[in-house]
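Please open the structure in your viewer and follow the stops below in order, selecting each residue or element as it is named.

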Amino acid sequence: MATEKINMPQLGESVTEGTISSWLVGAGDKVNKYDPIAEVMTDKVNAEVPSSFSGVIKELAAQEGDTIQVGELMCYIDAEGGTSGDESKTSDQTEKKQNASAAREEDASSDHSMKKRYSPAVMRLAQENDIDLQQVNGSGRGGRITRKDIEKMIASGDKPTPAIPESETEALQPKSPHPEQPTGAEHQAQAGDIEIPVTGVRKAIAQNMVKSTQEIPHAWMAVEADVTELVSYRNKVKDEFKQNEGYSLTFFAFFVKAVARALKEFPQLNSTWAGDKIIQHKDINLSIAVAKDNELFVPVIKNADEKSIKGIARDIHDLAMRARSGKLTSEDMQGGTFTVNNTGSFGSVQSMGVINHPQAAILQVESIVKRPVIINDMFAARDMVNLCLSLDHRVLDGLIVGQFLARVKEIVENTNGDTTNIY
């Protein structure tokens, strides 16, 4: 057998790292090629990583909960297929590689040429947590400080305090003879409190939300729509639809279709900020939020503008079922260009969503509420809904967003049995 490496695969576009949720194998276990060896969580999808070889797992190079960059080592495997002569040769080569690796590590321990080259992620984490990078020893090449170095330091609570210039030390007097408490001590759990580790999907959501709010200048706009005719039409056909198709015709499917139509007319909202340019996408791929217990997934309805209301209702049903059964793939999560969020399912009547980075906008479809409305100077009971939109002000301005929302409002207010074909 020859010892081979299994590295972290690319699990989706723009995915740069993954967190090992759980190992499905251990050292000494025999696996076949393509057998799942670990469950990995990214900010886009939970997925099983398959073995690249048939053989026996030799060593796990990472622990559950570790975050690994794409292409970095996950484990070693003694792969089948080599001869005894090959094994001897491989053993010699492996020993030479190990010796060379050890020599490189020894050199790296004294090489600090990369120490002051910080990535944006490292600088952001250091600033957020008041960490003096000059006092951090990096584990990366040339002493470079990696994101994992900072995250481990934050988790341990052993963070260096900013260095004080010598000219100022004499003016400073100690306030207490006791050593200072680590940063965050005021947030220590008290008796009866429950500590919940931030791992898995919750950690990915937190990182993505921080990235969105730090990088995107959010602005907001909302309109109110009278969907009385839409409600009446859907309630009239929903039972027959469920009987014929085998899945429900939800209100949300009508709103998703309306958004897809409006995006076709206002493609500026179907865009991404790319630093020195704005990318306006041709395909209209709508991300929708789907919950599973305490986990939140954002799968994508591809080419939503080309689908009927029935087709969108089917996609919503299928994606929700796959999310709740743990069968969503990385393909299901990729390519979203605009997000439509069904916050009305929780009874919400007004909310402002955080944009799904790197998209330019997110629309919250709120709860449909029957309210008294004045029509022709008379009160009437009408089904009303708020449509709340968050926008990236680098990409979009109020004028175009107002026109887009007015068009969505017009479409849903004119959805009825005479004007709308669900097929």
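Begin by selecting Thr415, which counts as buried because its relative accessibility is 7%, under the 20% cut-off used for that word. Keep in mind from here on that this is a predicted model. Thr415 lies in the segment after helix α10, which covers residues 398-413. Show the side chain of Thr415 together with the backbone of Ile411, and you will find a polar atom of that side chain 2.8 Å from the backbone oxygen of Ile411.

Now move to the open sheet, where four strands are arranged in the order β1-β8-β6-β3 with antiparallel pairing. Select residues 2-7 for β1 and residues 30-31 for β3, the edge strands, each of which pairs on one side only. From β3, go across to β6 at residues 55-60, which runs antiparallel to β3 and is joined to it by two bridges; here Lys30 stands opposite Val56 of β6.

Finally, colour the chain by pLDDT, which averages 83, with 80% of the residues scoring at least 70. Confidence is highest in helix α7, residues 251-265, at a mean of 98, and lowest in helix α4, residues 166-169, at 46. Select residues 164-172, where the pLDDT is below 50 and the model has two contacts beyond near neighbours in sequence, and then residues 176-185, where pLDDT stays under 50 and there are two contacts beyond four places in sequence. Where pLDDT is low, predicted coordinates should not be read in detail.

Technical notes. Residues are numbered from 1 along each chain as its sequence is written. Side-chain values use heavy atoms; hydrogens and water are left out. Two strands pair if DSSP finds at least two bridges between them. Buried means under 20% relative accessible area, exposed over 50%, partly exposed in between (1.4 Å probe, protein chains only). A polar contact is a pair of N or O atoms within 3.5 Å; within protein, one must be able to donate a hydrogen and the other to accept it, and residues adjacent in sequence count only if both atoms are side-chain atoms. pLDDT is the predictor's confidence in each residue, from 0 to 100. Contact means heavy atoms within 4.5 Å.
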